[in-house]
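Biologist: Please show me the model. I would like to ask about its helices and its charged pairs.

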Amino acid sequence: AWFERWAGVLGGAAAVLVLAGLWLFFQEREDYEQRDLRGRTQLIVAAEEGDLERVEYLLEQNVRVDAGDDCQWTAMMRAAAGGHSDILVRLLDQGADINHREKSGYTALMGAAVNNRLETAQILVERGADLDIQETESGQTALMWGVRNRNPDMVRLLLSAGADTSLTNRQGQSVRDLALQASAGEPSARLEEIREVLGCQP
């Protein structure tokens, strides 16, 4: 009887320890997904700041790769927009959705184009990103952003990958229209190069 009583006590203690361990495990997991005032997870913050070591650590904890912040920007999108090529590649290898759209319809490729991040844009193109998605606010594509930013290298990259030049934004403007409009207002060598790449005629 004495042995059975102590066996029962020890068994109960073991069960409590197991439950306590599980509770600590899930509490720790919850911390990794904790969000800041902008709704960013730790992974999004690390990607935005270019902290590859932290990104690697968080991925080892099996955090959600495609978690979005308050505007639905993911870690992969922040890496692309910030020009953090090594982190971008790591997140794509981890299965990040390359064509994820934030709440205004922007994609990682648009983020790279808006911020003139040629290297990350090239990675996204090579990985098969959709070139012709249009954001929902004004209907711009990544190629249109390349033109608007007067970035001939970005325009050349997207054109060589097969971006559609016939698409129009909500104002009915194509990339050629945007290039001609910009050069009429303030001529520059960069705009002249873009017009040449697009085959524009004044």
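The questions below cover helix packing and salt bridges.

Modeller: This is a predicted model, where local features need pLDDT of at least 70, side-chain atom pairs need pLDDT 80 or more, and totals for chains, interfaces and linings use all residues. Residues are numbered from 1 along each chain, and side-chain values use heavy atoms, without hydrogens or water.

Biologist: Which residues of helix 5 make the contact with helix 4?

Modeller: Contact means heavy atoms within 4.5 Å. Helix 4 brings Ala75, Met76, Ala79 and Ala80. From helix 5 come Ile87, Leu88, Leu91 and Leu92.

Biologist: Which side chain meets Glu56 in a salt bridge?

Modeller: A salt bridge puts a side-chain nitrogen of Lys or Arg within 4 Å of a carboxyl oxygen of Asp or Glu. Here the N to O distance is 2.8 Å. The partner sits in helix 5, 34 residues from Glu56 in helix 3. It is Arg90.

Biologist: Is Arg40 buried or exposed?

Modeller: Arg40 forms a salt bridge with Glu48, at 3.1 Å. Buried means under 20% relative accessible area, exposed over 50%, and partly exposed in between (1.4 Å probe, protein chains only). Glu48, at 27%, is partly exposed. Arg40, at 14%, is buried.

Conventions: Helix = DSSP H or I, 4+ residues; strand = E, 2+ residues; numbered from the N terminus.
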